[in-house]
Amino acid sequence: MRHQIGYPELSTHTFRKTAATMLDRAGMSATEIAAFLDHKNPSMTQDVYMNTLKGDTRAGAVMQEQLKGMI
């Protein structure tokens, strides 16, 4: 089915990861997201599902702020 619709890499994990990313961006804690995903250990949620974008997002925002008016 995934191949038929043109997304062979799509999986249920993809949807879980997307949900976790959305909740993480909204500021929810690892404990809250773990409960939503029905994980027993919030550290696993954090290691596998969270913080994949925070460094990049924050660094970009910091750089943009620091360079404001320079370029």
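Glu-65 counts as partly exposed, with a relative accessibility of 47%. The model described here is predicted.

Glu-65 belongs to helix 4, which covers residues 54-66. Its partner is Lys-68: the two residues form a salt bridge in which the closest N and O atoms are 3.1 Å apart. Lys-68 counts as exposed because its relative accessibility is 59%, and the cut-off for exposed is over 50%. Glu-65, at 47%, is therefore classed as partly exposed. The salt bridge count comes to one.

The protein chain has four helices and zero strands. Read along the sequence, the pattern is α-α-α-α. Of its 71 residues, 17% count as buried.

Before helix 1, which spans residues 12-25, lies the segment that holds Met-1. Met-1 has a relative accessibility of 70% and is therefore classed as exposed. Together with Ile-5 and Tyr-7, Met-1 makes a nonpolar surface patch of about 380 Å².

Helix 1 has 14 residues, and the distance from its first C-alpha to its last is 20 Å, close to the 20 Å expected at 1.5 Å a residue.

Which residues of helix 1 are buried? They are Lys-17, Ala-20, Thr-21 and Asp-24. Viewed down the helix axis, these buried residues fall within an arc of 100°, so they line one face of helix 1. An α-helix has 3.6 residues a turn, so residues three or four places apart point the same way. On the other side of helix 1, the exposed residues are Thr-12, Phe-15 and Met-22. Just after helix 1, Gly-27 adopts a positive phi of about 95°.

Ile-33 is part of helix 2. With a relative accessible area of 0%, Ile-33 is buried, since the cut-off for buried is under 20%. The C-alpha atom of Ile-33 is separated by 9.0 Å from that of Met-50, a residue 17 positions away along the chain.

His-39 sits in the loop between helix 2 (30-37) and helix 3 (42-49). Is His-39 buried or exposed? His-39 counts as buried because its relative accessibility is 15%. The side chain of His-39 makes a polar contact with the side chain of Thr-45, at 2.6 Å.

The table collects the accessibility values given for single residues.

| Residue | Relative accessibility | Class |
|---|---|---|
| Met-1 | 70% | exposed |
| Ile-33 | 0% | buried |
| His-39 | 15% | buried |
| Glu-65 | 47% | partly exposed |
| Lys-68 | 59% | exposed |

In summary, the chain contains four helices and zero strands. Helix 1 has its buried residues on one face and carries Thr-12, Phe-15 and Met-22 exposed on the other side. The loop between helix 2 and helix 3 contains His-39, whose side chain is in polar contact with that of Thr-45. Glu-65, in helix 4, forms its salt bridge with Lys-68.

Note on methods: Residues are numbered from 1 along each chain as its sequence is written. This is a predicted model: local features need pLDDT of at least 70, side-chain atom pairs count only at pLDDT 80 or more; totals for chains, interfaces and linings use all residues. Side-chain values use heavy atoms; hydrogens and water are left out. Patches are made of residues with over 30% relative accessible area and no salt bridge: like charges are joined within 9 Å, nonpolar side chains (Val, Leu, Ile, Met, Phe, Trp, Tyr) within 5 Å. Accessible areas come from the Shrake-Rupley method with a 1.4 Å probe; for residues, only the protein chains shown count as cover. A salt bridge is a side-chain nitrogen of Lys or Arg within 4 Å of a carboxyl oxygen of Asp or Glu. Helices (H or I, at least four residues) and strands (E, at least two) are DSSP runs, numbered from the N terminus. Buried means under 20% relative accessible area, exposed over 50%, partly exposed in between (1.4 Å probe, protein chains only). The expected span of a helix is 1.5 Å times one less than its number of residues. The arc is that of the directions from the helix axis to the C-beta atoms. A polar contact is a pair of N or O atoms within 3.5 Å; within protein, one must be able to donate a hydrogen and the other to accept it, and residues adjacent in sequence count only if both atoms are side-chain atoms.
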